[in-house]
Amino acid sequence: MNIKITGSGSYIPTEIVSNIDFAKHVFLNDDGSPFPLPNETITEKFYDITGIEERRYVSDDLTTSDIASIAAKKAIENSGIDPETLDYIIFAHNFGNVKKNAIQTDILPSLATRVKYDLRIKNPKCVAYDMLFGCPGWIEGVIQAQAYIKAGMAKKCLIIGAETLSRVVDLHDRDSMIYSDGAGATIIEATDEEGGILAHETASFSYDEAYYLYFGNSFNKDHDPDVRYIKMQGRKIYEFALSQVPKAMAACLDKSGIGINEVKKVLIHQANEKMDEAIIQRFYKIYKQTPPEGVMPMSIHKLGNSSVATVPTLYDLIVKGEIQNQQLNKGDVIIFASVGAGMNINAIVYRY
């Protein structure tokens with residue numbers, strides 16, 4: 001028995017927000033003082049570091065669970081399964097449903113329950129639950145689904161990663177330009193086909209790193225102090241990711257028994273182009289090699305950082321032929337990898 005992705009789907013929000021759209025924002029330092037550089041310089045430097053030209057936001061009428069349901073329906077259709085045969089729906093997100101201009105999250109009922117409702121699944125033995133695991137949530141959901149299937153507790157699972165970060169960003173914080181919205185979903189099944197999940201690796205670093213990403217006040221000191229926004233210690237996250245993610249990827253690859261030369265693609269969380277490029281360089285350096293051209297597909301330039309949605313969305317776009325000059329062929333070895341709030345790191349070695 002092997003455990004494979006048998007279907008995928010994604011939702012790319014319709015609202016395009018380019019870097020130029022930040023021209024009139026009032027960016028502040030964390031102490032509330034005006035940021036000394038003009039917005040044109042800020043956005044130029046931002047692009048040089050992150051590679052982000054534009055990002056996608058959901059329309060005002062949609063929430064995280066709405067776009068998750070759209071991606072889930074596409075994944076189910078792509079797989080050809082009967083949704084009534086699903087054993088688990090695992091929904092990875094971080095902030096629940098936050099409506100436009102709202103200041104409170106809504107996670108009652110759970111977002112996974114809402115997706116099950118939207119899919120009109122009657123089977124009560126289809127268990128639906130949410131996962132809070134930062135940006136690596138979708139990968140961790142896949143790892144959990146694999147465990148359920150190996151234990152004989154499940155045969156088919158729906159794993160979703162979705163987020164609407166545009167609803168929880170501080171518009172006075174330059175880091176707000178990184179974040180975006182999106183949803184990706186996959187069906188994970190037991191199958192007699194060759195390939196599938198070969199190895200996984202997960203770790204949580206929280207002794208010193210727990211609050212590298214956190215909920216904090218607006219940089220605008222006139223804002224309500226009880227309203228919180230996503231905040232990050234960018235430099236510390238960057239250094240942490242470069243130090244730990246390549247090690248986790250290498251540990252996972254070594255566990256799989258696959259050689260570095262067999263790896264065709266590395267699908268890494270779309271957090272920051274420069275950071276991802278540095279991670280790949282360090283990963284291959286462990287094996288005294290340089291990364292092959294095209295080994296790391298990117299979607300961040302046009303889609304931004306949609307947190308837990310980036311990896312499943314990137315996978316879906318590649319298999320559907322929607323990433324230029326990127327494709328997957330039968331038997332190709334892929335590494336999925338992510339890093340995010342917690343601080344959590346994980347990786348999967350997978351044969352397509």
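This is a predicted model: local features need pLDDT of at least 70, side-chain atom pairs count only at pLDDT 80 or more; totals for chains, interfaces and linings use all residues.
I then asked which elements supply the domain 1 side. β1 (2–11), α1 (39–50), β3 (54–57), β4 (88–93), α4 (137–150), β6 (156–164) and β7 (181–191) each give at least two residues to the side that touches domain 2. α4 gives the most, 7 residues. I sorted the residues of that side by type: 24 are nonpolar, 19 polar and 15 charged.

**Salt bridges.** I counted 4 salt bridges across the interface of domain 1 and domain 2. I also looked up the pair lysine 302 and glutamate 53. Their side chains form a salt bridge, 3.1 Å from N to O.

**Domain bounds and contact.** The domain assignment puts domain 1 at 2–194 and domain 2 at 197–351. I noted 15 Å between their centres, taken over C-alpha atoms. In contact are 58 residues of domain 1 and 54 residues of domain 2.

**Buried area.** The two domains bury about 4600 Å² between them, and 61% of that is on carbon and sulfur atoms.

**Annotated span.** An unreviewed entry annotates residues 129–201 as "domain: Beta-ketoacyl-[acyl-carrier-protein] synthase III N-terminal". I found the end C-alpha atoms of residues 129–201 to be 22 Å apart. The span is 19% helix and 41% strand.

Technical notes:
Residues are numbered from 1 along each chain as its sequence is written. Side-chain values use heavy atoms; hydrogens and water are left out. UniProt positions are given in the numbering used here, feature names are shortened, and annotations may be inferred rather than shown by experiment. Helices (H or I, at least four residues) and strands (E, at least two) are DSSP runs, numbered from the N terminus. Domain bounds come from an automatic or database domain assignment. Contact means heavy atoms within 4.5 Å. Buried area is the accessible area (1.4 Å probe) that two parts lose on being put together, summed over both. Ala, Val, Leu, Ile, Met, Phe, Trp, Tyr, Cys and Pro count as nonpolar, Asp, Glu, Lys and Arg as charged, and the others, Gly among them, as polar.
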